[in-house]
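Thanks, everyone. I want to talk about aromatic rings today, and then about a sheet. Here is the structure.

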Amino acid sequence: MDSGLLRFITCGSVDDGKSTLIGRLLYESKRLFDDQIAAVAADSRRWGTQGEELDLALLVDGLAAEREQGITIDVAYRYFATEQRSFIVADTPGHEQYTRNMVTGASTADAAVLLVDARHGVMTQTRRHAWLVALLGVRHVVLAVNKMDAVGYDRARFEQIVADFAAFAAQAGLTDVAAIPLSALKGDNVITPSAEMAWYHGPTLLVWLETVPVDEAHLSHAPLRFPVQWVNRPGPDFRGFAGTLVSGTLHAGEQIRVLPSGRTSRVARLVTHDGDLAQAVAGQAVTLTLEDEIDISRGDLICPAERPAACADQFEVTLIWMAEQPLLPGRPYLLKIGGVTTGVSVTGIKHQIDVNTQARVACRELALNAIAVCTIALDREVAFDPYAENRDTGGFILIDRISHHTVGAGLIHFALRRAHNIHRQHLDVDKAARGALKGQRPCVLWFTGLSGAGKSTIANAVEQQLHALGHHTYLLDGDNVRHGLNRDLGFTEADRVENIRRVAEVAALMADAGLIVLTAFISPFRAERDMARRLLPEGDFIEIFVDAPLATAEARDPKGLYAKARRGELQHFTGIDSPYEPPLDPELRLDTTALSPDEAASQVVEHLRPHLGTC
């Protein structure tokens, strides 16, 4: 009898035998073709570590670097099946630097096989992976004490390891933990009971995997959650909404609510390739039609009318950072939850979690593999459930805006109260009215470039020309702002991000007041300049690249800063030991090796003509 599909991961410290264990399961379950066995035999002669024997780990370790080093680096997925159940297993790496890969594998797992080398016992990485498994909501765990052959199948050693792990498991919140002594290399207690460990009377690993409950009941009894993945319009007479139920059940005729809009309707049909259904359950992909024509887009969430998900745009979350570049509060990223992608920034790091001790540690940025409790703010409201209640509607990823690489994964705890209690107040006098009163179209002139390129000098000359023409302006200069608004900030990468975030918000407010705002800041990172641009309507942000080669800027060195940086007296100085990312497509580029400050200022004013005398 087939009892469904089980997704599980193998995890644990490096060289605990995870790949060998999966290879043994595949080999002993008779699910390999002859050509696969022949290929592994050939690979074993070249890469193997077991002499003349088959090195079963090579069934899983497919990367050349993995075979050369005898370790797992990437997540490897394998499918196999027995008469009782089908399986998808993810072999995850044990090295700490590949924790992000382990998190990827665990994010969809129903169960975890946590390996421990019987010779070494519970290691730091064992505890790390156990805590991550609990954090990610994996409900069932088996402690597989491997390499029992290397300790003479000693019962006392097994029981000591189980006792050591039990104390930590309770602390981590793991409540369903089984323990099995085995040898992946010899096959003991993997598929069949071990003659060498007659003292063990529990199930073999395969029996445990075949019988561990896949907790589908809680998904079926949970409230309906149907993320819309696609609006299906094959013709003028059909409009359906396609997706997969991630929880609950859905019936034809049921009243539903669409989030975040809050509109309601009733389900007219549940359409599949094999015909209409009366009911769909969690895990089924369907296309539904509604009785009413209401606006629904990809990313909307369909819920029961009486038990909808919540909607908010600010949250407390647990964040797992997966990028080489650090996470910096205030820096803009993209967030993807379900089918929704929206802008987001981390507004604060409450504390980082030492995964080895679970201690809370203060920090200002997150490095690769760091895990922290943070607050985040989105550009728009999204529908959600807490991750503890629904992994699909409570989990998200962060994406770098420039490279589009996934840089983090997050778990929603709850919406911040201010997300529901703070609303924008409508004002009758708006930006256009304020600009009309001044006879100008408000905008922000964003001067960026290396220190010494001439930003402040040119910005000051531009403001003088605009003032002479009768326009209302304000110049925000980098040094001046650091005497007041940003006096608490230094020059680390994190502080520079926050410096520009604050300036961008102030500039946007001043533009809203009807002013032509000039900002003169190095603003070395494209991400922050793009964030500033997004605060203003199209056409109202004018990026001006004040371009001077590093050698020229350093030769000028009006404040003596380059000299200090070269002597090591000034850390994090742009162009010396901190990068500058030049604009890719600025509205205006000023070559200050060829233009005088007044000539450059005249070019800016000429470029600004459409904004002058226009409202």
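First, the ring criterion. Rings of Phe, Tyr and Trp (its six-membered ring) pair if their centres lie within 6.5 Å; planes under 30 degrees apart count as stacked, over 60 as edge-to-face and the rest as tilted. By that rule, the structure holds 9 aromatic pairs.

Now the caveats. This is a predicted model, where local features need pLDDT of at least 70, side-chain atom pairs count only at pLDDT 80 or more, and totals for chains, interfaces and linings use all residues. Residues are numbered from 1 along each chain as its sequence is written, and side-chain values use heavy atoms, with hydrogens and water left out.

Start at W446. With F521 it forms a stacked pair: 6.4 Å centre to centre, 25° between the planes. W446 sits in strand 23 (residues 443-448), and F521 in the loop between strand 25 (516-520) and helix 15 (526-534), so this pair ties together parts 75 residues apart in sequence. Those labels are DSSP runs, numbered from the N terminus: helices are H or I, at least four residues, and strands are E, at least two. W446 and F521 are both buried. Buried means under 20% relative accessible area, exposed over 50%, partly exposed in between (1.4 Å probe, protein chains only).

Next, W446 with F541. The ring centres are 5.7 Å apart and the planes at 35°, so this pair is tilted. It links distant parts of the chain: F541 is in strand 26 (residues 541-547), 95 residues from W446 in strand 23. F541 is buried, as is W446.

Elsewhere, ring pairs join F8, F80 and F87 in a cluster.

Charges over rings come next. The cut-off: NZ of Lys or CZ of Arg within 6 Å of the ring centre and within 35 degrees of the ring normal. R331 has its charged end over the ring of F525, 4.9 Å from the centre. R482 lies over the face of F491, at 4.0 Å from the ring centre.

Now the sheet. Two strands pair if DSSP finds at least two bridges between them. Here 5 strands form an open sheet, order 24-25-23-26-27, with parallel pairing. Strand 24 (473-477) and strand 27 (588-591) are the edges, each pairing on one side only. Strands 26 and 27 pair over 4 bridges, in the parallel sense. D547 stands opposite D591 in strand 27.

Last, what lies across strand 23 and strand 26, at about 150° to strand 26? Helix 15 does. Angles run from 0 to 180 degrees between N-to-C directions, with axes fitted to C-alpha atoms, for helices over the stretch in contact (heavy atoms within 4.5 Å).
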